[in-house]
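Me: I'm new to this one and would like to go through it slowly. Could you show it to me first?

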Amino acid sequence: MAIVERVFSGVQPTGNLHLGNYLGAIVNFVKMQETHNCIYCVVDLHAITQPVAVWGGPTELARNTREVTAAFIASGIDPKKHIVFNQSQVSGHAELAWILNCVARMGWLNRMTQFKEKAGKDRENASIGLFDYPVLMAADILLYRATHVPVGEDQKQHLELSRDIAQKFNNDFGDSIRSHGFNDGLFFPQPEPLITGPATRVMSLRDGTKKMSKSDESDYSRINMTDDAEAIALKFRKAKTDLLPVPACAEELEGRPEAANLLGIWAALSDGTRDQAFERFGGKQFSEFKKELTDLAVAVLGPINSELNRYLADPAQIDAILKDGGERARAISGPIMDEIKDIVGFLRP
């Protein structure tokens, strides 16, 4: 089975999609579908690794899964040309995760910094799923033998683990892989990261040293995908800045994380660069810059917001998209999973 260049990426259905999700992930998904063969997944199995109180329970999970799907489509992802589905529809994700659990090593997982951050001081009460999250992520990618994965900076370590797991599987089962027609002994490719755009890591509007997050207590820390023009304007007006004018060059960003964040947001929304932002706004007052940033954000996000709400008003349409995507995902992953079982030596009908 020849390796086909394929992009895989997933977004957790945890509710309150915000500007960071859009600029850090979704906007690049839209661009990549013009040049790549793409699979976009709503990773609902990942969502339940946290306590139920965090992800909200069954009703909330279903609602959030539809909301992420609607955001994909409203932003410009074409579910007919590419595959959009929710992870739990394809049993191969969980099935391969178990096989890869037996390939991965505890020492590798113990080095994962995101688990330490999410579990905090109460590691003993964290779920095994939260600890094992990176192996399921590796299964998500390798189940489709994906060659490229768009990731944010905080996920690069997990992708490195996916590469290590792929290499160890190839090494552990090298003879069997070759006996199944893979003369080079490589069944899984080494997935490459795709990190693009000037705002791959969007920070809080209230603290430029923290990532924009739905879990932040202050709603003023983020621009939600469901915010209307008035809410967007208010949040940018209240966005933290400093007393100096807008920086005119990269050197003037030193020690000014909030300024760097807002200029990065403008660059990403305008499909431009920070240098263009320096040239246009350098030396001006932040009040003037924020007004132009607000106008730009409303122009970009307004149509998406309208489409998002239209899809959310028709959940049956979203469910049909996910059902079709699930069937197409299984058509790709099923033969790959059968090949994996044969390589490992499992008997099957």
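Me: Which unit do β1, helix α1 and β2 make?
Reply: In this predicted model, where local features need pLDDT of at least 70, side-chain atom pairs count only at pLDDT 80 or more, and totals for chains, interfaces and linings use all residues, β1, helix α1 (residues 19–32) and β2 make a right-handed β-α-β unit. Right-handed means that, with the strands pointing away from the viewer, the path from the first strand over the helix to the second runs clockwise. Helices (H or I, at least four residues) and strands (E, at least two) are DSSP runs, numbered from the N terminus. Residues are numbered from 1 along each chain as its sequence is written, and side-chain values use heavy atoms, with hydrogens and water left out.

Me: How many bridges join β1 to β2?
Reply: Five bridges link β1 to strand β2 (residues 38–42), and the two run parallel; strands pair if DSSP finds at least two bridges between them. Phe-8 stands opposite Ile-39 of β2, while Val-11 has Val-42 as its bridge partner there.

Me: And what is on from β2, which strand is joined to it by four bridges?
Reply: That is strand β3 (residues 83–86), which runs parallel to β2, and Ile-39 faces Ile-83 in β3.

Me: Changing topic, how far apart are the end C-alpha atoms of α12?
Reply: They are 18 Å apart, which agrees with the 18 Å that the 13 residues of helix α12 (residues 257–269) should span at 1.5 Å a residue; the expected span is 1.5 Å times one less than the number of residues. Twelve of the 13 residues of α12 are buried, including Glu-258, Asn-261 and Trp-266.

Me: Where is Ala-229?
Reply: Ala-229 belongs to helix α11 (residues 229–238), and it is partly exposed, with a relative accessible area of 39%. From C-alpha to C-alpha, Ala-229 and Ile-304 are 12 Å apart in space, and they are 75 residues apart in sequence.

Me: What about cavities, how many of 30 Å³ or more are found?
Reply: A search of the whole structure finds one, and the largest cavity has a volume of about 50 Å³. On a 1 Å grid over the protein atoms alone, a cavity is a set of points where a 1.4 Å probe fits but cannot get out, a pocket is an open set with protein on both sides within 12 Å along at least five of seven lines, and lining residues have an atom within 4 Å of a point. Grid points are joined across faces, edges and corners, and a volume is the space filled by probe spheres set on the points.

Me: Which residues line the largest cavity?
Reply: Among them are Met-112, Phe-115, Tyr-133 and His-158, and the elements giving two or more residues to this lining are α7 (113–119) and α8.

Me: How much space lies in the second largest pocket?
Reply: About 190 Å³ lies in the second largest pocket, whose lining includes Trp-98, Asp-132 and Tyr-133. The elements that give two or more residues to that lining are α5 (92–101) and α8 (128–142).

Methods: Buried < 20%, exposed > 50% of the residue type's maximum accessible area, 1.4 Å probe, protein only.
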